[in-house]
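Dear colleague,

I am passing a structure on to you with this email, and I would be glad if you could look through it before reading my notes. The notes come after it.

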Amino acid sequence: MAQNRSDKLKRLVNVQRHLEKIAEMDLANTTRQRQEVAETMDVVIDAINSLDPVHRSFSHHYSGQYSRLQQQEQMLSNVQQMHEMRVVRERTKGDRMEDRMKEAREAEERVAADDSIYDLIDQHIAYKTGET
């Protein structure tokens, strides 16, 4: 089964778009995790600022937890930036591959049109030589 270049590139574009979707899902997951950490940080801050005697006795524990949450948020921020760059990179690759696929398809169509013209010319010449 002979495949032309545009069909091969079309398959590659589909794979690249799938990689792009995976990168987008990773980014969405990281964003969701950052949101959860931010919500937890808000709860811990509320507990630290609470006048409830139960919370006051655990304020040292809460401050340690808040510090760990800040570190986790910073790490997730870095991971999110990495995922954002990955999404852009995968999308750019897909766009370039799609452009190449379209160019290959146009070239194949031009070759097919040229071949059909050559066939018509050959048929015309064969018909003319057959008349004489």
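Below I describe the salt bridges, the ring pair, the surface patches and a few separate positions.

Please keep in mind that this is a predicted model, in which local features need pLDDT of at least 70 and side-chain atom pairs count only at pLDDT 80 or more, while totals for chains, interfaces and linings use all residues. Residues are numbered from 1 along each chain as its sequence is written, and side-chain values use heavy atoms, with hydrogens and water left out.

I begin with the charged side chains. Side chains of opposite charge can pair when their charged atoms come close. A salt bridge is taken here as a side-chain nitrogen of Lys or Arg within 4 Å of a carboxyl oxygen of Asp or Glu, and the structure holds eight of these salt bridges. One of them joins E20 to R17, with 2.8 Å between the closest N and O atoms. Both residues belong to helix α1 (residues 5–49), where they are three residues apart, about one turn of the helix; helices here are DSSP runs (H or I, at least four residues), numbered from the N terminus.

E20 also meets R91 in a salt bridge, at 2.9 Å from N to O. This pair links distant parts of the chain, since E20 is in helix α1 and R91 in helix α3 (residues 59–131), 71 residues apart. For accessibility, buried means under 20% relative accessible area, exposed means over 50%, and partly exposed is in between (1.4 Å probe, protein chains only). E20 has 9% relative accessibility and therefore counts as buried, whereas R91, at 34%, counts as partly exposed. The salt bridges of this region form a network that links R17, E20, E24, R91, D95 and E98.

Another salt bridge is made by R32 and E36, whose closest N and O atoms are 2.8 Å apart. R32 and E36 are four residues apart in helix α1, so about one helical turn separates them. R32 is partly exposed, with a relative accessible area of 42%, and E36 is partly exposed as well, at 38%.

Turning to the aromatic side chains, rings of Phe, Tyr and Trp (its six-membered ring) pair if their centres lie within 6.5 Å, and planes under 30 degrees apart count as stacked, over 60 as edge-to-face and the rest as tilted. By this rule there is one aromatic pair. The ring centres of F58 and Y62 are 6.4 Å apart and the planes stand at 45 degrees, so the pair is tilted. F58 is partly exposed, at 42% relative accessible area, while Y62 is buried, at 13%.

D99, E103, E106 and E109 make up a negative patch, where Asp and Glu count as negative and the place of a charge is taken as CG of Asp or CD of Glu. A nonpolar patch is formed by I117, Y118, I121 and I125, which together have about 400 Å² of accessible area, a value from the Shrake-Rupley method with a 1.4 Å probe.

Q33 lies in helix α1 and is partly exposed at 30%; its C-alpha atom is 16 Å from that of Q65, 32 residues apart along the chain. T129 lies in helix α3 and is exposed at 53%, and the C-alpha atoms of T129 and E20, 109 residues apart along the chain, are separated by 59 Å.

With kind regards

Conventions:
Helices (H or I, at least four residues) and strands (E, at least two) are DSSP runs, numbered from the N terminus. Patches are made of residues with over 30% relative accessible area and no salt bridge: like charges are joined within 9 Å, nonpolar side chains (Val, Leu, Ile, Met, Phe, Trp, Tyr) within 5 Å.
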